Amino acid sequence: MSENIVVTGQLTKRYGDRLAVDSVSLTIRRGEVYGFLGPNGAGKTTTLRMLLGLVRPTSGRASVLGVAPGAPAALARVGALIEGPGFFPFLSGRDNLRVLARHARLGDVAVEAALEQVDLSGRASDSFRSYSLGMKQRLGVAAALLGDPELLILDEPTNGLDPAGMADMRDLVRALVDAGQTVLLSSHLLGEVQEVCDRVGVISRGRLLTERTLTELRGATGLLVRAEPLSRATEVATRLLGAANVAAVDGALRLVTDPPGVAEVVRTLVRADVEVSEVRPVERTLEQVFFELTTPELTTPEEVAS
Ligand SMILES: Nc1ncnc2c1ncn2[C@@H]1O[C@H](COP(=O)(O)OP(=O)(O)OP(=O)(O)O)[C@@H](O)[C@H]1O
């Protein structure tokens, strides 16, 4: 089992009456991309800020690389991009990084390595203000990478990017993880998390609703079967899989079965003189999963009454 490099227990932040983060217990493992997924205002940034020691928790515990957040022993080993990078517009990308590197007592070698990692070496001499939004974000990631941290924390790294910029950022994150980095990234975009993350923590209204691998989150694979006559097909499938695993939706059968069961389903239908015209797996999208998880939250009795 891989090492846990971030662990929180009942981590809570209250601003006056508002519970921004409510008893969040999460675990991030070395070498993974962990997606912290939730709508705006869910508490993502506040949680990330607590992990960096920028916000003091109201209660609960957090450990980052084995020490308390913000402890000097952890600071140099964690890189972060939170709420957009702040750079000097008239300085080049390289000089901006040099300013930061000097502050962290790092040399030009670290600057060049970071530029290389985010694929900005070719444009490093151009002024920051001439960069596209995607390049600005990549420079922000480069700044977070200075000094080769063990953990990279990226708050909504694709915010404001066009689809091509988003794809670039995803590729960059994947490349960093392939090279041994651990990345914690927050997002309100389900598709983005689905593309790039190994495990996901879903947060809504300050509470962590679930923490699972993407596969676990999507659950068992379903099967869509188009067959005629549908009534006969439903009957046969129900006998085979049980009523709970069979539904007729939009003129087709939706079945829940494990992969080895697929062949048997088809064989049984055909033997029963059912004509099968289509069989394909249907995975639940993260979007469906997300709504299933959050819908009970959105329909509390008070809200139904209001
Ligand atoms: N300094 C603060 N003072 C008061 N309330 C705050 C403060 N920071 C955050 N909040 C509130 O805490 C809640 C969680 O905010 P947070 O920024 O952590 O959410 P988020 O999931 O990162 O959302 P977003 O993607 O919009 O930044 C929000 O209701 C926000 O208004």
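**Ground rules.** I call two residues in contact if their C-beta atoms, placed from the backbone, lie within 7 Å. With that in hand, I looked at contacts between residues at least 6 apart in sequence: 69% of them in the protein chain join residues at least 24 apart. I'm working with a predicted model, where local features need pLDDT of at least 70, side-chain atom pairs count only at pLDDT 80 or more, and totals for chains, interfaces and linings use all residues. Residue numbers run from 1 along each chain as its sequence is written.

**Overall layout.** I found the protein chain divided into domain 1 (4-217) and domain 2 (220-282), with bounds that come from an automatic or database domain assignment. Their C-alpha centres lie 44 Å apart. The C-alpha trace spans about 75 × 50 × 40 Å along its principal axes. I counted twelve helices and 14 strands; these are DSSP runs numbered from the N terminus, helices being H or I with at least four residues and strands E with at least two.

**Burial.** I call a residue buried if 20 or more other C-beta atoms lie within 10 Å of its own, exposed if 12 or fewer, and partly exposed in between, with C-beta atoms placed from the backbone. On that count, 36% of the 306 residues are buried.

**Ligand shell.** Which residues sit around the ligand? I took those whose C-beta atom, placed from the backbone, lies within 6 Å of it. My list reads Tyr-15, Arg-18, Ala-20, Gly-38, Asn-40, Gly-41, Ala-42, Gly-43, Lys-44, Thr-45, Thr-46 and His-188. Strand 2 (18-24) and helix 1 (44-51) are the elements that give two or more residues, and helix 1 gives the most, with three. By class I get three nonpolar, seven polar and two charged residues. For that, Ala, Val, Leu, Ile, Met, Phe, Trp, Tyr, Cys and Pro count as nonpolar, Asp, Glu, Lys and Arg as charged, and the others, Gly among them, as polar.

**Helix 5 (133-145).** I checked its span: 13 residues reach 18 Å from first C-alpha to last, close to the 18 Å expected at 1.5 Å a residue. The expected value is 1.5 Å times one less than the number of residues. The buried residues of helix 5 include Gln-137, Arg-138 and Leu-139. What do the buried residues of helix 5 pack against? I noted strand 6 (78-81), helix 3 (93-103), helix 4, strand 7 (151-155) and helix 6. Gly-147 follows helix 5 with a positive phi near 85 degrees.

**Ser-132.** I found Ser-132 in the loop between helix 4 (108-117) and helix 5. Why does Ser-132 count as partly exposed? Because it has 14 C-beta neighbours inside 10 Å. Its C-alpha is separated by 9.3 Å from that of Leu-161, 29 residues apart along the chain.

**Helix 6 (163-178).** The buried residues here are Met-166, Asp-168, Met-169, Arg-170, Leu-172 and Val-173. Their cover includes strand 4 (33-37), helix 5, strand 8 (182-187) and helix 7 (190-196). Gly-180 follows helix 6, and its phi is positive, near 110 degrees.

Last stop: strand 12 (246-249) and strand 13 (252-256) pair in the antiparallel sense over four bridges; pairing needs at least two DSSP bridges. Val-249 stands opposite Ala-252. I see two residues between the strands, and Asp-250 in the turn has a positive phi of about 50 degrees.
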